[in-house]
Amino acid sequence: MSVHDSLGRIELTQSGPHAALTIFNPARRNAMTLNMWKQLTEAIHELDADPRVHLITLQGHEGTFVSGADISEFAKVRGSLEDAKAYEAVNSLSFAALRESKTPTLALIEGFCFGGGIGIAAACDMRIASETARFAIPAAKLGLAYPVDGVADLVRLIGPGFTKRMFFTSEPVDAATALRIGFLEDVAPGEEFKARCKTLIAATLSRAPMTHRAAKSAIAAHYDPSRRDAALEDGAACFASDDYQEGWKAFLEKRPPAFKGC
């Protein structure tokens, strides 16, 4: 599947339980247009509703993750307060789709991860980057504000101090710094990046999808106690599943489990 607009698109490549989304706008270093934000939200919702999908990865086309929002369309889509609020609402829906997805999400980051790219990556469950990646929030260079929920995602990862520093200075940080402050879980040398991504993807896909769902639900309940009942239900569903029976039997039989997500 490929969803198009005049400048960019979100491409989907699916291989069994792995759905790979590629952010494609090479003329603007994979900057996100308004339509691309809408496409991203739609794609995440569709994939999350598909029980065959057990992992969603996001990457940029040819060595750049996302260079931010497409500033060339700002006069048209963010030129007034009313338009800016409407744009922000669309932006927030993308972050929410990633954050609320019951299917694990993984950002594979190379090159620029600026502006909206930071928001996309922060809303994902996991993040791995090439050592050549660079991270920045140039909002203060443009005089704009970020969606409140997107800022909250960043605070949860790196705390208020570094979040303020990134917003206040707009200065980029390298991958080693992003790892140190908690934005990333892993950094790989450029020549090892793709292999490290494949290993992480394979490891995730080899595990029980319902455990992933229960873990994500329990972590969400940590930040929002109103989700506790839903988390308990997801935990109980694990023990009622065929995968639970398969998991402990495979362990006793000293063989790899064959999980199906049910």
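Start by selecting R156 and D153: both lie in helix α6 (residues 148-169), three residues apart, about one turn of the helix. Helices here are DSSP runs of H or I with at least four residues, and strands are runs of E with at least two, numbered from the N terminus. An α-helix has 3.6 residues a turn, so residues three or four places apart point the same way. R156 forms a salt bridge with D153, with the closest N and O atoms 2.5 Å apart; the term asks for a side-chain nitrogen of Lys or Arg within 4 Å of a carboxyl oxygen of Asp or Glu. Is D153 buried or exposed? With a relative accessible area of 4%, D153 is buried, while R156 is partly exposed at 37%. Buried means under 20% relative accessible area, exposed over 50% and partly exposed in between, using a 1.4 Å probe and protein chains only.

A word on the model: it is predicted, local features need pLDDT of at least 70, side-chain atom pairs count only at pLDDT 80 or more, and totals for chains, interfaces and linings use all residues. Residues are numbered from 1 along each chain as its sequence is written, and side-chain values use heavy atoms, with hydrogens and water left out.

Next, select strand β5 (residues 105-109), where five of five residues are buried. T105, A107 and I109 point one way, and L106 and L108 the other. Show strand β4 (residues 55-60) too: it runs parallel to β5, joined by four bridges, and two strands count as paired if DSSP finds at least two bridges between them. Strand β7 (residues 126-130) also pairs with β5 in the parallel sense over four bridges.

For the last stop, select E253 and R255, whose side chains meet in a salt bridge (2.6 Å, N to O). E253 is partly exposed, with a relative accessible area of 49%, and R255 counts as partly exposed at 32%. To finish, color the salt bridges of the whole structure: a search finds 16.
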